[in-house]
Amino acid sequence: MKEKPECGQLTYKLIRSKRRTLSLTVTTAAELVVRAPFHLSDNRIEELIAEKRRWIIGKLAEAREKQSVERSFEEGEPLFFLGREYSLSYHEGGDVIISLNEKISVSKEARKRVREVLRSWFFYQGYQIISPRVEELADLLEYKVTGVKITRAEKRWGSCSSKGMLCFSWRLVMAPLEMIDYVIIHELVHLKIRDHSARFWQEVETILPDYRFKRQWLRDNSHKMQI
């Protein structure tokens, strides 16, 4: 058994045996397991994985989504903000504050509606953080944006309208700033190229040469950024 070689941005566990064919399995732990015969070369294995890449990514996303545990909002539960992990705590009075001791603190009086309180706070942070960054990047890259909206989208990080309005999910502020920038740039490029053609990705790559890593990071960590 060979542990986790890489195939592009995909990692997997390779198990060789006397079997005659190659099989791909995505486990409930969101791990890709490749079972292959002894005679099949590593290069051929990676070629076959590349051929099934879209299917694999879809199955990994499904597995990660199923991994997402319904939050209980107990003291100490992890929450993410700008890529950093904080622990949830409760305090007397007030609503939500981020303190300097790695905690996101919510009023004990608001505990019964903590999900709503936290979502409202992240929603507000979306406007405070994402909106000015969109303006900076749009000016730098010479794109015209008519407005920015933070939405309650759960499945999509961002979208844009034909009139130049960019929309971003409130969940995006849980990601590191470099990932936020990737999503903003992705949507800015859509103002010029509406589809996901090769030309679109070439334009994104011109601005962000490592966009593939950032795109994969968001896929791999989306399940952590839920409330």
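Visitor: Happy to be here! Which element of the protein chain has the lowest mean pLDDT?

Guide: Good place to start, since this is a predicted model. The protein chain has a mean pLDDT of 89, and 93% of its residues reach 70 or more. Over residues 1–7, though, pLDDT stays under 50. Helix α4 (residues 177–190) has the highest mean among the elements, at 97, and the lowest, at 48, belongs to strand β1 (residues 6–7).

Visitor: How many contacts beyond four places in sequence does the model have for residues 1–7?

Guide: Please take this count with some care. Where pLDDT is low, predicted coordinates should not be read in detail. For residues 1–7, where pLDDT stays under 50, the number of such contacts in the model is 22.

Visitor: In the open sheet of 3 strands, which strands stand at the edges, and why is one side of each left without a neighbour?

Guide: The order in this sheet is β3-β5-β4, with mixed pairing. An edge strand here has a single partner strand, so one of its sides has no neighbour in the sheet.

Visitor: How many bridges join β3 to strand β5?

Guide: Strands β3 and β5 (residues 32–37) run parallel. Along this pair, K13 stands opposite V33 in β5. The number of bridges joining the two strands is 5.

Visitor: What angle does the direction of helix α1 make with that of β3?

Guide: Helix α1 covers residues 42–51 and packs on the sheet. There α1 touches β3, β4 and β5. The angle between its direction and that of β3 is about 125 degrees.

Visitor: How far from the sulfur of C160 is the nearest cysteine sulfur?

Guide: A search of the whole structure finds 0 disulfides, and a pair would need its sulfur atoms within 2.5 Å to count. C160 is buried, with a relative accessible area of 16%, and C167 is buried too, at 17%. The nearest cysteine sulfur to that of C160 belongs to C167, and the distance is 8.7 Å.

Visitor: Is V106 buried or exposed?

Guide: V106 is found in strand β9 (residues 103–107). Beyond its neighbours within four places in sequence, V106 is in contact with residues including L88, Y90, V114 and L118. Its relative accessibility is 0%, and the cut-off for burial is under 20%, so V106 counts as buried.

Definitions and conventions
Residues are numbered from 1 along each chain as its sequence is written. This is a predicted model: local features need pLDDT of at least 70, side-chain atom pairs count only at pLDDT 80 or more; totals for chains, interfaces and linings use all residues. Side-chain values use heavy atoms; hydrogens and water are left out. Two strands pair if DSSP finds at least two bridges between them. Helices (H or I, at least four residues) and strands (E, at least two) are DSSP runs, numbered from the N terminus. Contact means heavy atoms within 4.5 Å. Axes are lines fitted to C-alpha atoms, for helices over the stretch in contact, and angles run from 0 to 180 degrees between N-to-C directions. pLDDT is the predictor's confidence in each residue, from 0 to 100. Buried means under 20% relative accessible area, exposed over 50%, partly exposed in between (1.4 Å probe, protein chains only).
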